[in-house]
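Here is a short walk through a protein model, meant for someone meeting it for the first time. Keep the structure open and follow along.

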Amino acid sequence: MLNPTFKPVSPVSPDLLARFAAIVGERYALSDPAAIAPFLTEERGLYHGRSPLVLKPGAVAEVSAILKLANDTGTPIVPQGGNTGLVGGQTPHNGEIVLSLKRLDRVREVDPASNTMTCEAGVVLIKAQEAAAAAGRLFPLSLGAEGSCTIGGNLSTNAGGTGALAYGVARELVLGLEVVLADGRVLNNLRKLKKDNTGYDLRHLFIGAEGTLGIITAAVLRLFPRPRAVETAFIGMPSPHEALKLLNLAEERAGGSVTGFELIPRIALEFAVTHAPLCRDPLADKHAWYVLMELSSQSRAGLRATLEDILMTAAERRLINDATIAESNEHRNAFWLLRHHIADTQKYEGGSIKHDVSVPVNAVPTFIDQASAAVQAMIPGCRPCPFGHLGDGNIHYNVTQPIGTDKNEFLEAWDAVNTVVFAVVAKLGGSISAEHGIGVMKRDLLPSVKDPVAFELMRNFKQMFDPNGILNPGKVL
């Protein structure tokens with residue numbers, strides 16, 4: 001839904017704006033249109049918001065004071081992290097005040113002994129990764145936007161990324177949370193415990209809620225030992241059907257050492273190589289599909305032999321066409337650079353209708369076949385570009401406009417293309433949102449795909465946690 005509807009929001013009076021600004025101080029209360037502008041438009045340019053004020057608190061107490069005043073006065077607030085969301089959830093669509101968490105950017109503690117790290121919401125993901133690495137540990141959440149997305153935003157959208165196959169999505173990397181509720185109260189549950197059976201586990205209500213139930217200000221995150229050996233291969237494939245068989249083979253031979261398994265079509269590789277200056281085709285010949293596979297181990301020896309055995313067996317079974325193994329960290333990073341540039345280089349090819357879906361892993365090839373047939377029948381000449389995390393069933397099913405056609409006219413088919421793609425997803429028992437969230441893009445679709453009882457419970461939770469409807473109104477529900 002590119003043009004969602006919203007309930008009207010009354011303008012905030014100058015006096016009330018001044019009261020909000022006083023909480024953070026003049027320096028951190030932005031009201032100049034030029035200063036506010038970067039907070040109003042998201043990366044794809046699909047949504048453009050408006051706001052009279054951007055607040056940048058530097059302490060949890062300031063977030064608490066902002067929400068208490070907002071709740072008392074019925075003033076809607078839109079929380080924002082790195083502004084890298086892809087479904088419009090962080091945009092002030094109707095003149096709300098923006099609460100930016102970027103100044104809450106401290107890594108409060110790294111505890112290698114307990115394999116935990118406590119980060120504030122505004123810590124940029126790559127900084128969290130670096131802090132863990134400095135202590136000899138791994139924080140495995142990894143996204144294409146890791147240089148700008150923040151921990152708070154990652155948790156609010158339950159981010160997935162390329163490490164989810166082995167380590168799980170964001171939800172599975174959190175032990176404790178600090179959350180400011182709509183009325184300003186602070187829920188302090190920053191505990192390092194792996195076992196705590198004292199009633200309801202409230203943290204999971206806020207993870208993935210997109211700031212509609214409370215604002216996450218800090219989290220205790222799980223860390224892992226850094227792998228002592230990493231081996232990475234870029235593999236030419238005949239089709240996703242063989243890629244699925246390769247995944248099964250790799251998991252049989254390497255078990256939990258398979259830490260990355262990304263599916264890439266030829267068209268996506270060409271987009272990246274054409275439009276990203278540092279990207280190169282890793283293989284000499286062209287192939288219809290590719291897999292970027294990575295193995296990681298705590299043992300320094302034997303991993304290369306395991307990878308070679310997998311590839312040799314796959315070749316004997318005619319599952320793969322060709323492969324190359326990274327010979328250095330620079331070589332490995334070049335593989336991953338190509339993978340991470342797939343999403344952003346599509347814009348140079350014109351309009352792209354995007355889907356973030358999941359189906360059971362064994363249904364991924366069928367989904368790609370059936371969705372591609374459906375969209376190509378609807379829009380002859382359109383260019384399907386399905387890629388992503390085959391290992392956990394999450395495919396970014398994007399459709400690029402036909403060459404030589406009008407971008408705006410193509411994008412007018414967004415909802416129609418959604419309908420046919422989501423019909424295939426539903427038939428295969430999948431989800432219309434795997435890791436990007438609901439925001440406003442999929443808000444109006446949610447009632448039709450969610451179990452009615454689950455949807456009613458979601459509404460009840462929203463009413464209980466935010467009875468005055470001030471937290472990110474119009475998002476998710």
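Let's start at one spot: methionine 117 stands opposite leucine 221 in E10. Keep in mind as you look around that this is a predicted model. The strand pair to look at here is E6 (residues 116-120) and E10 (residues 215-222), which run antiparallel and are joined by five bridges.

Zooming out, we find an open sheet of five strands, ordered E5-E6-E10-E8-E9, with antiparallel pairing. Strand E5 (107-111) and strand E9 (186-189) are at the edges with a single partner strand each, so one side of each has no neighbour in the sheet. From one strand to the next, the twist averages 15 degrees.

## Helices on that sheet

Helix H3 (residues 60-73) lies across E5, E8 (174-180), E9 and E10, and it runs at about 50 degrees to E8. Helix H4 (residues 125-134) also packs on the sheet, where it touches E5 and E6. The direction of H4 makes about 150 degrees with that of E6.

## A four-stranded sheet

There is also an open sheet of four strands, and its order is E1-E2-E4-E3. The pairing in this one is mixed. Strand E1 (29-30) and strand E3 (77-80) take the edge positions, each with a single partner strand, so one side of each is left without a neighbour in the sheet.

E1 and strand E2 (residues 54-55) run antiparallel and are joined by two bridges.

Elsewhere, a charge meets a ring: the charged end of arginine 103 sits over the ring of tyrosine 28, 3.4 Å from its centre.

## Strand E14 and its partners

Now hop over to strand E14 (residues 289-297). How many of its nine residues are buried? Nine of the nine are, so E14 is largely enclosed by the rest of the structure. Trp289, Val291, Met293, Leu295 and Ser297 point one way from the strand, while Tyr290, Leu292, Glu294 and Ser296 point the other way. Both sets are buried.

E14 pairs with E12 in the antiparallel sense over nine bridges, and valine 230 has serine 296 in E14 as its bridge partner. Strand E13 (residues 258-265) also runs antiparallel to E14, with seven bridges joining the two. There, phenylalanine 261 has methionine 293 in E14 as its bridge partner.

## A cluster of rings

A search of the whole structure turns up five aromatic pairs. In one of them, phenylalanine 234 and tyrosine 290 are 5.5 Å apart, centre to centre, with 40 degrees between their planes, a tilted arrangement. This pair links distant parts of the chain, as phenylalanine 234 is in strand E12 (residues 229-237) and tyrosine 290 is in E14, 56 residues apart. Both phenylalanine 234 and tyrosine 290 are buried.

Phenylalanine 234 also pairs with phenylalanine 335: their ring centres are 5.5 Å apart and their planes are at 45 degrees, so this pair is tilted. It again links distant parts of the chain, with phenylalanine 335 in helix H11 (residues 329-340), 101 residues from phenylalanine 234. Phenylalanine 335 is buried, as is phenylalanine 234. Put together, Phe234, Tyr290 and Phe335 form one aromatic cluster.

In soluble globular proteins, nonpolar side chains tend to be buried together. The largest nonpolar core in this model has 55 residues, and Ile235, Leu246, Val291, Met293 and Phe367 touch the most other members. Helix H8 (residues 240-254) gives this core its largest share, seven residues. Leaving out residues up to four places away in sequence, valine 291 touches Ala233, Phe234, Ile235, Met237, Ala243, Leu246, Phe261, Glu262 and Leu263.

A second, separate core has 32 residues, including Met117, Cys119, Leu141 and Ala219. That brings us back to methionine 117, the residue opposite leucine 221 in E10.

## One last stop

Is asparagine 418 buried or exposed? With a relative accessible area of 5%, asparagine 418 is buried. You'll find this residue in helix H15 (residues 414-427). Asparagine 418 is 155 residues from leucine 263 in sequence, and the two are 21 Å apart in space, C-alpha to C-alpha.

Notes:
Residues numbered from 1 in each chain as written. Predicted model: local features only at pLDDT ≥ 70, side-chain atom pairs only at ≥ 80, totals over all residues. Heavy atoms only, no water. Phe/Tyr/Trp six-rings, centres within 6.5 Å; stacked < 30°, edge-to-face > 60°. Buried < 20%, exposed > 50% of the residue type's maximum accessible area, 1.4 Å probe, protein only. Lys NZ or Arg CZ within 6 Å of the ring centre and 35° of its normal. Pairing = 2+ DSSP bridges. Axes fitted to C-alpha atoms, helices over the stretch in contact; angles between N-to-C directions. Contact = heavy atoms within 4.5 Å. Core = buried A, V, L, I, M, F, W, Y, C linked by side-chain atoms within 4.5 Å.
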